[in-house]
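Let's take a walk through this model, from strand pairing to charged side chains. Keep the structure open as you read.

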Amino acid sequence: MSNHTLFIKNANQVITLHGNSTKPLKKKEMNELHIIEGGSILIIDDRIAAIGNETDLVEKYKNEIEEAEVIDAEGKIVLPGLVDPHTHLVFAGSREEEFNMRLNGATYMEIMNNGGGIHATTSKTREASPDELLKESKKRLDSFLMHGVTTVEAKSGYGLDWETEEKQLRVAKQLNEEHLVDVVSTFMGAHAVPAAYKNNPDEFVDLVINEMLPKVAGEKLAEFNDVFCERGVFTPEQSRRILKAGKELGLIPKIHADEIEPYEGAELAAEVGAISADHLLRASDEGIKRMAENNVIGVLLPGTAFFLMAESAKGRRMIDMGMSIALSTDCNPGSSPTTSLPLMMNLACMHMGLTPAEAIAAATINAAHAINRGHEIGSIEVDKKADITIMDVSNYMKLQYHYGVNHTDTVIKNGHIVVKGGKLC
């Protein structure tokens, strides 16, 4: 047989989330995981070929299964490969000294306004060579993979000048080509106002709109365009200009919204037709309502609130109001230096009120829709990409109950085993 074939058999639970490839889940749908008890999966090349119980699959696909590599998933659960829809993957250095400053009372914005925060990482990223950035980022992607993540979004934004923004985006593109994890790129030149433009931020906004965005779109360096809409960073009007300009060039809008204080970011996301609004710790009920009405996904980042010792976003309320929710690590050096999406699922249950089922939906199919990939990944369905994670727990609720532990046993990417026994192959 010329095809590469895998057969996963005898899983305690196969969590398929089938039937959700065209739109993200909302409200009670997020608790409907469509589980097959004692399920099996046949994979041929990089696609899922069949799903069901072992007896039926062996009868129908006897020849294929006889020549397949077999994975016995007894006692384990099988999930779609996890999807992280909000990371700042490509950067240089770390900021552990700021953690100590926060423990001594300094706020996130105080640190940033005094040259720390985003500005500190910007300086280190500007100084780093592409090879240095590639090496650091590969380590992070390896860690993501060992935590069951098969696709990540990666933002620029630690350059704030074209040379460094381009460098970040090209490194992300190279990672997508070379690493096992798929990397989806977002341009975020409007991550902060550079010191040189502190007294004239509109001039920097013009630079982003007139010089950076056309280059990003023209060279196809990113699929999405993001902006940090926050008091002391970019105003709603400045953010609107940036997002609309990107949209006219074919870049899909995203927005860092209402993280530190209510600032009409959620409302703006609905207005411009953003695919997602992220953070939302201080989003208003009106903003949540508008996002729900306009099918904007709320990407929640429980690790950021946890690390900054802040109150979490109102995940339970958002779901009940009809907003689609996704989860992410927000992997970055200042406010969430982690690659553990499973831990974010734990925190979402404990600090945001999500059920174990909702946390899984938010880290798989809804996360896939938040980066425009719901048609390809995020659920276990025939003809979808064979991106699959096997967790060493007996049922999906135990994945959230036994928290702070990496339960990832096996990861299959594009139909090939890439993590086995919790280790990279």
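Leu 42 has its bridge partner in strand 3, and that partner is Ala 50. The two strands involved, strand 2 and strand 3 (residues 47–53), run antiparallel and pair over 6 bridges. Pairing here takes at least two DSSP bridges between two strands, and the elements themselves are DSSP runs numbered from the N terminus: helices are H or I with at least four residues, strands are E with at least two. Strand 2 and strand 3 make a hairpin with 2 residues between them, and in that turn Asp 45 has a positive phi of about 55 degrees.

Strand 2 (residues 35–44) also pairs with strand 1 (residues 5–15), again in the antiparallel sense, over 8 bridges. To find your place there, look for Ile 8, whose bridge partner in strand 2 is Ile 41.

A quick word on the ground rules. This is a predicted model, so local features need pLDDT of at least 70 and side-chain atom pairs count only at pLDDT 80 or more, while totals for chains, interfaces and linings use all residues. Residues are numbered from 1 along each chain as its sequence is written, and side-chain values use heavy atoms, leaving out hydrogens and water.

Now for the charges. Searching the whole structure turns up 25 salt bridges, each one a side-chain nitrogen of Lys or Arg within 4 Å of a carboxyl oxygen of Asp or Glu. Take Lys 413 and Asp 387, whose side chains meet at 2.6 Å, N to O. This pair links distant parts of the chain, 26 residues apart: Lys 413 sits in strand 15 (residues 408–413), Asp 387 in the loop between helix 16 and strand 14. Salt bridges with shared partners tie Asp 182, Lys 385, Asp 387 and Lys 413 into one network. Both Lys 413 and Asp 387 are buried, meaning under 20% relative accessible area, with exposed over 50% and partly exposed in between (1.4 Å probe, protein chains only).

Glu 223 and Arg 373 form another salt bridge, at 2.9 Å, N to O. They are 150 residues apart, with Glu 223 in the loop between helix 8 (201–218) and strand 9 (224–229) and Arg 373 in the loop between helix 16 (365–370) and strand 14 (388–391). Glu 223 is partly exposed at 21%, and Arg 373 is partly exposed at 22%.

Finally, what does Asp 320 form with Arg 316? A salt bridge, with the closest N and O atoms 3.3 Å apart. Both residues lie in helix 13 (residues 315–320), 4 residues apart, or about one turn of the helix. Asp 320 is partly exposed at 48%, and Arg 316 is partly exposed at 25%.
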